[in-house]
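My notebook is open, and I am going through side-chain pairs one at a time. Here is what I looked up, entry by entry.

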Amino acid sequence: MAVWDRWLRGGDSLVLTPTEWKALMDEAFSPLLERELGLSYLGNYFWAGPWEDHRRRMVRVFLINQSSGTLQWGWAFDFAPHLSGKRLAWHRTDRSARQDVWEVSPDFVKSTGQARDRVTFNAWGRDRKAILREHRRAILALLPLSRRYYAGTARPEALLRSMETALEDPYVRFTQGTQLTISAAFLAAALGRTEHGRELLAHLNVSEQYQETRRLLTEHLDRQPRLWPEKGETGDDPEHR
């Protein structure tokens with residue numbers, strides 16, 4: 001209602017179409033995301049970096065509604081599946097791109113008023129230049145948070161700790177609990193901690209009709225090779241390449 005109230009009062013005179021909005025986000029976000037994080041625009045609200053060490057950085061627009069959003073940043077894994085109905089699928093191509101773990105600004109989740117407004121952006125405004133300025137203001141506020149996140153989760157062990165901490169947050173469990181649990185379990189197995197991965201999967205909240213899917217996940221988890229050596233080990237293990 002707030003959107004239309006402002007529009008009816010004459011405070012905003014332009015509302016972008018979805019196609020126009022995507023083009024404006026590409027213009028506002030892509031140069032900074034490429035320069036600061038090494039990400040390229042994949043289309044459809046996604047930016048991603050190259051696959052490196054079984055992971056890729058990925059930023060996506062978190063759509064609050066059809067004309068408002070913020071950014072969510074995180075990682076995609078080449079070894080973790082996601083649920084596609086009752087089947088398992090993987091997301092290793094640009095067309096199937098999706099995040100295994102992500103976060104948003106705490107101001108978006110916990111704040112109101114100006115603090116929340118500065119990390120969000122809208123498809124409406126006085127004119128296109130004003131809308132573009134709002135988007136650039138938002139990404140400049142969000143980039144330091146995303147850089148800090150990537151620096152703190154660069155090591156797989158640190159990333160797993162971050163994911164398990166996130167799973168303790170009710171908001172995170174509500175917004176990404178299923179995929180985050182699956183991804184954390186497979187990351188644990190890829191670190192050589194398969195039993196811990198099984199313990200994580202045991203907490204996966206799936207209905208009775210999806211118990212076969214849980215069995216498939218466990219089978220794939222048990223076959224997950226170790227991808228990173230223990231601390232103190234050197235060299236590559238050919239068996240796990």
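Entry: I started at Arg215, which counts as partly exposed at 38% relative accessibility (buried means under 20% relative accessible area, exposed over 50%, partly exposed in between, with a 1.4 Å probe and protein chains only). I found the two side chains joined in a salt bridge at 2.2 Å, N to O (a side-chain nitrogen of Lys or Arg within 4 Å of a carboxyl oxygen of Asp or Glu). Both residues belong to helix H9, residues 211–222, and they sit three residues apart, about one turn of the helix. Helices (H or I, at least four residues) and strands (E, at least two) are DSSP runs, numbered from the N terminus.

**Entry: ground rules.** I noted that this is a predicted model, where local features need pLDDT of at least 70, side-chain atom pairs count only at pLDDT 80 or more, and totals for chains, interfaces and linings use all residues. Residues are numbered from 1 along each chain as its sequence is written, and side-chain values use heavy atoms, with hydrogens and water left out.

**Entry: other salt bridges.** How many salt bridges does the structure hold? I have 11 in my notes. Salt bridges with shared partners join Arg35, Glu36 and Arg147 into one network. A reminder to myself: side chains of opposite charge can pair when their charged atoms come close.

I then looked at strand E4. Arg56 pairs with Asp94 in a salt bridge, with 3.0 Å between the closest N and O atoms. Arg56 lies in strand E4 (residues 55–65) and Asp94 in the loop between strand E7 (87–89) and strand E8 (101–103), so this pair ties together parts 38 residues apart in sequence. Is Arg56 buried or exposed? Arg56 is buried, with a relative accessible area of 5%, while Asp94 is partly exposed at 46%.

Next I checked Arg55, which forms a salt bridge with Asp53, the closest N and O atoms being 3.3 Å apart. Arg55 counts as buried at 5% relative accessibility, and Asp53 as partly exposed at 41%.

**Entry: charges over rings.** Arg55 came up again: its charged end sits over the ring of Trp75, 5.1 Å from the ring centre (NZ of Lys or CZ of Arg within 6 Å of the ring centre and within 35 degrees of the ring normal). I also noted the charged end of Arg57 over the ring of Tyr150, at 4.7 Å from its centre.

**Entry: aromatic pairs.** I have 11 aromatic pairs in the structure. Rings of Phe, Tyr and Trp (its six-membered ring) pair if their centres lie within 6.5 Å; planes under 30 degrees apart count as stacked, over 60 as edge-to-face and the rest as tilted. Tyr41 and Trp47 make a tilted pair, 4.6 Å centre to centre with 35 degrees between the planes. Trp47 is buried at 0%, whereas Tyr41 is partly exposed at 25%.

Why do I call Phe62 and Phe108 edge-to-face? Their planes are at 70 degrees, with the centres 5.2 Å apart. Phe62 lies in strand E4 and Phe108 in helix H3 (residues 106–110), so the pair ties together parts 46 residues apart in sequence. Both Phe62 and Phe108 are buried. I also wrote down a cluster, in which ring pairs link Trp21, Phe29, Tyr41, Tyr45, Trp47 and Phe121.

**Entry: confidence.** The protein has a mean pLDDT of 91, with 90% of its residues at 70 or more (pLDDT is the predictor's confidence in each residue, from 0 to 100). Over residues 234–241 pLDDT stays under 50, and the model has four contacts beyond four places in sequence for them (contact means heavy atoms within 4.5 Å). Where pLDDT is low, the predicted coordinates should not be read in detail.
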